Amino acid sequence: LLSQDDIHTELFRYSYHFPELFKLVPDQYKYARLAVAILDRNKIGENENIANEINEIVEDEEKTKEILEAARTSMGMDISEMDLANIERFASRVASLTEYRQRLHEYIKDRMNSCAPSLSALIGEQVGARLISHAGSLTNLAKYPASTVQILGAEKALFRALKTRSATPKYGLLFHSSFIGRASTKNKGRISRFLANKCTIASRIDCFSEVPVATFGEFLRGQVEERLKYFETGEIPQKNIDVMSKAQDEAKH
């Protein structure tokens with residue numbers, strides 16, 4: 001896939017021609033589609049269907065009027081036909097890749113909800129899918145101890161730390177979880193260890209259940225939320241046996 005730097009560079013070239021467009025439509029996907037639809041703003045009046053095309057993209061009639069008015073009164077510089085052709089090809093590619101990425105995300109979401117619903121409910125589909133992919137399979141992930149899950153994806157940093165006798169990494173792929181970002185600096189390692197423990201439980205439930213459900217993952221997520229609150233306020237969280245008993249009762253219904 002194209003890097004963000006390449007995308008920004010090419011679309012920035014179009015902003016020389018129509019600088020007002022990005023202020024009106026900051027969304028990258030819609031901006032790329034609009035760049036393809038409008039191209040040369042000086043010829044926007046020659047296309048009778050341009051208003052319908054723009055409205056189909058932005059889904060807002062008032063915004064469509066603002067874009068058309070901005071195109072007519074724009075202070076942008078003229079641009080050559082060659083540059084417009086390159087921008088059209090690139091913007092079309094950006095739009096198609098964005099659509100592909102959205103379809104891929106929906107596919108991962110559906111697959112994770114069917115094969116690992118508890119893990120998905122706990123840390124999200126994307127992070128859960130990365131953990132399973134790195135482990136090789138859900139079964140392999142379920143066999144790992146929590147200490148391995150915690151640093152999964154940071155093996156190079158771990159071996160480098162062991163070789164140089166420096167501090168070992170506190171997290172690997174779990175860093176992409178929102179829980180790590182929400183924790184304070186001094187508590188990141190503690191919440192990472194706790195989250196890895198819950199991920200291990202969730203993956204084992206998903207792997208060895210006849211009909212996996214998201215109920216256990218939702219309760220495990222609640223436990224992580226309570227632990228974050230405990231680190232911040234000192235409020236004592238519920239005991240694990242009580243939470244799992246509630247989850248088991250709810251899963252039966």
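Helices here are DSSP runs of H or I with at least four residues, strands are runs of E with at least two, and both are numbered from the N terminus. By that rule, Glu59 sits in the loop between H4 and H5. This is a predicted model, in which local features need pLDDT of at least 70, side-chain atom pairs count only at pLDDT 80 or more, and totals for chains, interfaces and linings use all residues. Residues are numbered from 1 along each chain as its sequence is written, and side-chain values use heavy atoms, with hydrogens and water left out.

**Nonpolar core**

- In soluble globular proteins, nonpolar side chains tend to be buried together.
- The largest nonpolar core in this model has 33 residues.
- Such a core is a set of buried Ala, Val, Leu, Ile, Met, Phe, Trp, Tyr and Cys residues joined through side-chain atoms within 4.5 Å.
- Buried means under 20% relative accessible area, exposed means over 50%, and partly exposed lies in between (1.4 Å probe, protein chains only).
- The residues with the most contacts inside the core are Leu119, Leu122, Ile123, Leu131, Leu141, Leu195 and Cys199.
- Elements giving two or more residues to this core include helix H7 (117-123), helix H8 (125-135) and helix H9 (138-143).
- Helix H12 (178-182), helix H13 (188-208), helix H14 (215-233) and helix H15 (240-252) are also among them.
- H13 gives the most to this core, with 7 residues.

**Salt bridges**

- Side chains of opposite charge can pair when their charged atoms come close.
- A salt bridge here is a side-chain nitrogen of Lys or Arg within 4 Å of a carboxyl oxygen of Asp or Glu.
- A search of the whole structure finds 2 salt bridges.
- One joins the side chains of Glu81 and Lys43, at 3.6 Å from N to O.
- This pair links distant parts of the chain, 38 residues apart: Glu81 is in helix H6, and Lys43 is in the loop between helix H3 (28-38) and H4.
- Glu81 counts as exposed because its relative accessible area is 54%.
- Lys43 has 41% relative accessibility, so it counts as partly exposed.
- Another salt bridge joins the side chains of Glu225 and Arg182, at 2.6 Å from N to O.
- This pair also links distant parts of the chain: Glu225 is in helix H14 and Arg182 in helix H12, 43 residues apart.
- Glu225 is partly exposed, at 28% relative accessibility.
- Arg182 is partly exposed, with a relative accessible area of 43%.

**Surface patches**

- Patches are made of residues with over 30% relative accessible area and no salt bridge; like charges are joined within 9 Å, and nonpolar side chains (Val, Leu, Ile, Met, Phe, Trp, Tyr) within 5 Å.
- Accessible areas come from the Shrake-Rupley method with a 1.4 Å probe, and for residues only the protein chains shown count as cover.
- Lys and Arg count as positive and Asp and Glu as negative, while His and the chain ends are not counted.
- A charge is placed at NZ of Lys, CZ of Arg, CG of Asp or CD of Glu.
- Asp60, Glu61, Glu62 and Glu66 form a surface patch of negative charge.
- Asp60 lies in the loop between helix H4 (50-58) and helix H5 (61-73).
- At 34% relative accessibility, Asp60 is partly exposed.
- Tyr100, Leu104 and Tyr107 make a nonpolar surface patch of about 310 Å².
- Leu104 belongs to helix H6 (residues 81-115), and at 36% relative accessibility Leu104 is partly exposed.

**Positive phi in loops**

- Glu59 has phi near 55 degrees, a positive value in a residue other than glycine.
- Glu59 counts as exposed, at 67% relative accessibility.
- Arg165 has phi near 60 degrees, again positive in a residue other than glycine.
- Arg165 is in the loop between helix H11 (155-164) and H12.
- Arg165 counts as exposed, at 81% relative accessibility.

**Sequence and space**

- Ala91 lies in helix H6 and is buried, with a relative accessible area of 0%.
- Ala91 and Val36 are 55 residues apart in sequence and 6.4 Å apart in space, C-alpha to C-alpha.
- Glu69 lies in helix H5 and is partly exposed, with a relative accessible area of 44%.
- Glu69 and Thr215 are 146 residues apart in sequence and 52 Å apart in space, C-alpha to C-alpha.
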